[in-house]
Structure formats: C-alpha cells, structure tokens
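Visitor: I have a model open and would like to go through it piece by piece. Can you take my questions as they come?

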Amino acid sequence: MREMRGIGASPGGAAGPVYRLAPPPALPPLAETVDPDAEKTAVRAAVLAVAADLTRRADTTVDATAADVLRAQVMMVQDETLVDAADIAIDGGADAPHAITDVLAEHRAAFVAAGGYLAERVSDLDDLRDRLVAACLGMPMPGVPNPGHPYLLIARDLAPADTAGLEPGLVLGLVTAEGGPTSHTAILARTLGIPAVVRCAGILDLADGELARLDGTTGVVVAGVSAQTVTDVNADRLAEIERRTRSQGPGQTADGHRIALLANIGSARDLTGEVEGVGLFRTELLYLDRSDPPSHEEQVAAYRDVFAALPGRKVVVRTLDAGADKPLPFLRLAEEPNPALGIRGLRIARQTPSVLGTQLAAIAAAAAATDADVWVMAPMVATATEAAAFTESCREHGLPTAGVMIEVPAAALRAGQVLDHADFLSIGTNDLSQYTFAADRMCGDLADLLDPWQPALIALLATCAAAGVEAGKPVGVCGESAADPDFALVLAGLGITSLSMAPRSIPAVRESLAAHTLDECRRIAEAALAAPSPETARAAASGASREIPAQERSSGSSCSP
C-alpha cells in the first residue's frame, strides 16, 4: 500500500477503484492559412455553445450552490472582452482555437499573479478554454468518466461544470492534485456531501481501476488497498449516512447544553431542508463578476428572500468580503503586491464607504420586512477601533445586533477589547489559520500548517471563547473546522456557542455532540490544547474521549454552561 497526503476538503471516508478525468482536447497545429472572418465567427459560435451548455447544467442541477457557480462561469465566457481580444489575436494570424487559448492564457497568468481568490479560479478559466476549444473543433465537451459502477474520481483539478454534475451515488469521493480547500471543487464537494481531498501529490500516478481509500477530514489517501477494505469503508459510510439522516432536533450535548448548529449559504437557493438558522450568509455572490455594484433594490430583494425563508430564526449576514484578492471592477482598487494582506473585507470602506453604507441600508430594509432575527458581521476586522466603527454604523442603519469576524490574529489576541464594542464574534478558521501560520491556503506543501488541530490555532480559539464567556456574549465558528465532528467536541469544550457549516455536515456534528456531555467536551478540549502538534492533539482528544468511563457517559452527568 502507498500513503499520500493532501488537504482534506470535504469530510467523510470513501473507497473504490480510481478513474481519472478525461484529458482536455489537444490543440491542433496552427492553420497555415486563416480566414479571419470565418475564425471570428467560429469563436462566437463556440461562446454561444459553451454558454448554452453551462446554462443548461445550471438550470438542471438540484444544487443551488452549483447553479450559482455555473452561472458565474456563463458570465465569464460571455464577457465581451474575451471575444474582442480573440478578434485581435485572429487579426494577428491565429485561428480560433489558438486565439482562445492565447487570450485565456493571459487571463490565467494575471489570476495566478493576483493570488488568493483569483488564483483559486484558474481551473475555471482552464475549463472554459477546454470547452471553447472543443466547440471550435467540433468535439464533445469535456466530462467525467462513467465506468458503470461507483468509483473515486481523480484529476489534476476539477472545473465547476464537472463537479456540479457529479452523482454522489456514482462518484464516491474525489481527489485532485491541485486546487485548495476554498476552491469551487472543495465548496461543491462539501455541498454535495462527497468526501474530497485536494492538493494530493502523486495521485495522478495511479492507474485507472486501482483500488484506493480516502479520508476527506485528514487528507490521507491510501492506494493499493484490498477489495475487502473497499467493502468495509463503504459499508461504514452508508451506515453513517443512514444513521445521521435520522438525526433530528437542535444541536446540544448529552446533558442538554445547547450548541447552535447553523448553515453556511450564499443565497436562498442553498436553504435545503430544515435548519436552526444561518451562521454565515455570504453576500459577495451579488457583487462578483459585475462592472457595476448591485442596486439597493436588488440587494433588498436578495436578502429578503433569505430572511423570509427563516421566520423567527437567526440569520448572520457577512458584509461584502471582497477586494484585492476578489477584485470587483467597480471598486477601482489599485493593484497590490500582496492581495491577501491588502484592501479586502471591511477595509474596502476606507476607500469606498458608500458600498458598505448601501449594503447595510439594504440589509436593514429587508430585515424590517420579515420576521427573521438578523445579525450582521464584518470580515477582516483587525482592531477594536475597527469593530467600534462598524457596530456604530450598523446601529445608525437600524441594525441592532452587530458583530465581527475573527480572521486576523491581532483581533483574536484582543478579543476582549473587540467585544467591548461588538455583540458577538464569529471565527473564520480558514483565514485565521492562513494568517497565523503565514501559510497560503493554496499551498499544498504547507497543508500541515493549515490543519485546524494545530495547537496554536486552538489556543487562539480558546482566547476568543474565554473572552465571550467573560463578556457574556456569543462566540461562534463558521470555518470548515466546524464541520469536523471530532473537532466540534473541542470547540464545544472551549466555550464556543455556535457552529456554522454546509447543511449536509450538520447531522454528523449533531450526532457527535449528542454523544458527549459538556464536561467531557471540556476534557477533550484541554487534552487537545495541551498537545504539541496536530497529530498529538487529535490523538489526545481521541484518547480523552475513550478514557471517559462508560457509566459516566451513560449517566449524562450535567454541569453548568
């Protein structure tokens, strides 16, 4: 057997034969003679064909997140600057396939240089290139294999159109050599409930049909496993899915201590099934891929759709989380040498305060028209002064509950002072890990530093939770670590009051919490906090859980929150 390690991107285990994504269409030699008008017509026909195909996929997928991602790709391929640039390349002697390839190569290089969000979108551009070239050549659109039986899908990376069309009953899990935990591949895999590992070096060395198993939580992939292992892993997975499907009710420990289990969403279409509420409503989907900001009326309508679907329940709205690493043309921000450390999130208000003002006014108007319990939080807050300014602005707009995201170590270290002004904290563990360990989330070689079980990260979480307890204010976690059933026990033990995740992850976390008392969670958290490494933290937490006497667990001994 051969063990490989990547980044766990979607929790769960799966096993089976591996099959790889079909290779993209090969670019033919450049035509010796080019009819510019015919080649320009071919480019436009390809754009129409690809846009129509992606639109069809968006309209037929049952998953709202996948539909949003596909529609964003439609906007990218229909961008007039793409066709205009291709026309210029054709006038310079290129045929349609080469013109498209050259133009998108320039965009790709710019995305890679920008880093952050745009660097994670290069696979989207590569997919559009392959689809457009295939259309120009009269070839079928690229797609995933269908060997006629369940399998593990492996690829260099997956495009949104590929991931959105995956059938969870056929594709048991997926592993990519590239990508990141916040790429579209990872987001859609979590939404579909498909275990996934990204940034796994060596995965493409496996031959089609070779048996392997993956752990989407730890990022471990083992090739060369036995047929019996495949049977056992998948039987365990099916039993777990069935058991968790039966799990109902609010999130709480075995002794009744409430831990709210909330959903992460991007629009009203993501609200599938019954949820306690929303812990992270990402609003940037309204803004991305636009040359003009969404109007006040458009924002009110989008927010009202979500609020109206959750009468009486909490909805935490994150204000615009974009900027240098998620560039918006209408912001007209200058290029920056390090976008991850630049003008993003709340910092946009330093240069264009009207964007935040319009958004807060729209959220307030939508909240006033519904019965939802609307909370608002700002991303990328670094100081108590910033927290004070944001909460004051929220109050001026008639929004009574205002908090901040903790993604910057400076804010975590001064969580108490931040809570002097904010009504609550919501910890984004993905960015907090990135900034704490100076490790880009897209760098697979640093995957170990991005592990939420890193004791230094757990210490920052403990600092925030303790500040919340002292202030008598809630502190939640909305990063992907909240979806880990084992890590959820640590978070509960630290004093975290709510966990927000992809809706499909909620049953597993609910079941894990229900099997432990709060005192047990505290002992598990203490063990993880005292460990010197992520591996020993996991082992210590697991050991602390096993050491809890059976009679203590069955008695459901309680303690005050």
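Predicted model: local features only at pLDDT ≥ 70, side-chain atom pairs only at ≥ 80, totals over all residues.

Visitor: Fine. Which strands close into a barrel, and in what order?

Guide: Eight strands do, in the order S9-S10-S11-S12-S13-S14-S15-S16, and their pairing is parallel. On average, neighbouring strands of this sheet are turned by 30 degrees against each other, with direction ignored.

Visitor: Take S10. How many bridges join S9 to S10?

Guide: Three, and the two strands run parallel. Alanine 263 stands opposite valine 278 in S10.

Visitor: And on to S11?

Guide: S10 and S11 are also joined by three bridges and run parallel. There, arginine 282 stands opposite arginine 318 in S11.

Visitor: How many of the five residues of S10 are buried?

Guide: Four, so to speak of the strand as a whole, S10 (residues 278-282) is mostly covered.

Visitor: What about S12 and S13?

Guide: Strand S12 covers residues 373-378 and strand S13 residues 402-406; they run parallel, with three bridges between them. Alanine 378 is the residue opposite valine 404 in S13.

Visitor: Which strands does helix H12 lie across?

Guide: H12, residues 353-368, lies across S11 (314-318) and S12. The helix runs at about 165 degrees to S12.

Visitor: And H19?

Guide: Helix H19 (residues 506-514) lies across strand S9 (260-265) and strand S16 (498-501). Its angle to S9 is about 165 degrees.

Visitor: Which helix packs with H19, and at what angle?

Guide: Helix H18, residues 485-494, at about 55 degrees, with the axes 8 Å apart. H18 and H19 are therefore oblique to each other. The crossing is right-handed.

Visitor: Which residues meet there?

Guide: From H18, Pro485, Asp486, Ala488, Leu489 and Ala492; from H19, Ala508, Val509, Ser512 and Leu513. By class, the contact has seven nonpolar residues, one polar and one charged.

Visitor: Different topic. How do H1 and H6 pack?

Guide: H1 (residues 36-60) and H6 (residues 122-137) pack at an angle of about 120 degrees, and their axes are 8 Å apart.

Visitor: Why is that pair called oblique?

Guide: Roughly perpendicular covers 65 to 115 degrees and roughly antiparallel is over 145, with the rest counting as oblique. At about 120 degrees, H1 and H6 are therefore oblique to each other. H1 passes H6 in a right-handed crossing.

Visitor: What sits in that contact?

Guide: Ala42, Ala46, Val47, Ala49, Val50, Asp53, Leu54 and Arg57 of H1 meet Leu128, Arg131, Leu132, Ala135 and Cys136 of H6. Ten of the contact residues are nonpolar and three are charged, with no polar ones.

Visitor: Now the backbone. What is phi of methionine 380?

Guide: Near 60 degrees, a positive value in a residue other than glycine. Methionine 380 is found in the loop between S12 and helix H13 (384-396).

Visitor: Is methionine 380 buried or exposed?

Guide: Buried: its relative accessible area is 1%, and the cut-off for buried is under 20%.

Visitor: And alanine 438, where does that lie?

Guide: In the loop between helix H16 (429-436) and helix H17 (455-471). Alanine 438 has a positive phi of about 50 degrees although it is not a glycine.

Visitor: Buried or exposed, for alanine 438?

Guide: Exposed, because its relative accessible area is 69% and exposed means over 50%.

Methods. Residues numbered from 1 in each chain as written. Heavy atoms only, no water. Pairing = 2+ DSSP bridges. Axes fitted to C-alpha atoms, helices over the stretch in contact; angles between N-to-C directions. Contact = heavy atoms within 4.5 Å. Parallel < 35°, antiparallel > 145°, perpendicular 65-115°, else oblique. Left-handed = near helix turned anticlockwise from the far one by under 90°. Nonpolar A, V, L, I, M, F, W, Y, C, P; charged D, E, K, R; others polar. Buried < 20%, exposed > 50% of the residue type's maximum accessible area, 1.4 Å probe, protein only.
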